[in-house]
Amino acid sequence: MSAPDSPLAAIPIVDVRDGGPLRHAVEGRARARALREEALGWFPRGMLMFTPALDHLAQLWLTRSQAPYVGEIAAVAGALGFPGIWFLNNSYQWCCTARACDEEAGPWLMRTLDWPLDGLGRRVEVARMRGPAGEFFNVTWPGFVGVLTAMAPGRFAAAINQAPLRRRTRHPWLRPYDLAFNATQTWWQVRHMPPDHLLRLACETARTYAQARQLLETVPVARPVIFTLAGCARGERCVIERTEEGHTTHDEAVAANDWRHRGGDWEARVGGKHTLVATFDEAAENSRRRREALATWDGRPGAGAFDWVAPPVLNPYTRLAVEMCPRAAILRVVGYEIADGELPQPATRVCEIAALAA
């Protein structure tokens, strides 16, 4: 990371309206490799030799699934020529917090993305893309094909949070068993598309907030997920809690990593250093505190200060903060990384896109 007194890096805005993620990966090949090396550095050194095997497993599952963009992943992996691309496109973000609220300019969506991989904040990019329904701006990285955070001007903005963990045990030390069991069940039984592919499909094909909501509520997904969605008219905002084939939608649009109404077989995502030791109640409290902190923030999004990104919303794995207003066609992004201390600091300048000309 840059020294504290050096200028922060700018976030690249790449125009891939023609060519999409494949063009993004090819033109950003050096940046994609640098991100891979930095992100995989989070894993123990001995695990790096298994990257080709993890790639192979991810490729097998994605190829058998109904993932609509699996051909693009194959093309990106072939074009880049180094392992890790399939694994990246089958991984899942850690613990995130999001809120959609009404303001004078229209609904705003604020979100943090938390992932325990270094480099995601420093190397984030904004890809200008398009589909049959129009253009959208995808907050992403070269080599990643799905959509986790995006704003479609004049239509909607949306973000993905990881859903709670389906538990078959209750002891904290058995959490890895449940993670492994869920992954095995998905591998053998689930053929639906990954949630990030569904969100990209919505960005490409949904012409309105209502159409996007209908897609995100009803199309089967491979994993439980939480979508936060904001449109252009007052009141067009919601949180969609998804299981593989069911949904619950809340008009109170604040989300972390637990269901709004807890179920006995589900445990909130913990995040942070207590992942392996937190109890059910501690996990739920972690998510509740982040959700309530963002819900009770009394500032105004869009000022560019990002002062809502503070503990407990800000945590050791926060890598991105994003503000989006689809009615005003405004997108603001800042990347975060750990520098000195336990909490991340901005690693980029604020990237702002305001009604970018065609």
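Two strands count as paired if DSSP finds at least two bridges between them, with strands (E, at least two residues) and helices (H or I, at least four) taken as DSSP runs numbered from the N terminus. On that basis, 8 strands here make an open, mixed sheet in the order E1-E4-E5-E6-E7-E9-E10-E11. Keep in mind that this is a predicted model: local features need pLDDT of at least 70, side-chain atom pairs count only at pLDDT 80 or more, and totals for chains, interfaces and linings use all residues. Numbering starts from 1 along each chain as its sequence is written, and side-chain values use heavy atoms, leaving out hydrogens and water.

**The sheet**
- E1 (13-15) and E11 (247-250) are the edge strands, each with a single partner, so one side of each has no neighbour in the sheet.
- E4 (residues 125-131) runs antiparallel to E5 (residues 134-140) over 7 bridges, and Arg 128 has Phe 137 in E5 as its bridge partner.

**Aromatic pairs**
- Rings of Phe, Tyr and Trp (its six-membered ring) pair if their centres lie within 6.5 Å; planes under 30 degrees apart are stacked, over 60 edge-to-face, the rest tilted.
- That rule gives 4 aromatic pairs.
- Trp 259 and Trp 266 have ring centres 5.4 Å apart and planes at 70 degrees, so they sit edge-to-face.
- Phe 306 and Trp 308 are tilted, because their planes are at 40 degrees, with centres 6.1 Å apart.
- Trp 115, Trp 141 and Phe 144 form one aromatic cluster.

**Charges over rings**
- Here NZ of Lys or CZ of Arg must be within 6 Å of the ring centre and within 35 degrees of the ring normal.
- Arg 200 sits over the face of Tyr 69 at 3.8 Å from the ring centre, and Arg 223 over that of Trp 61 at 5.9 Å.
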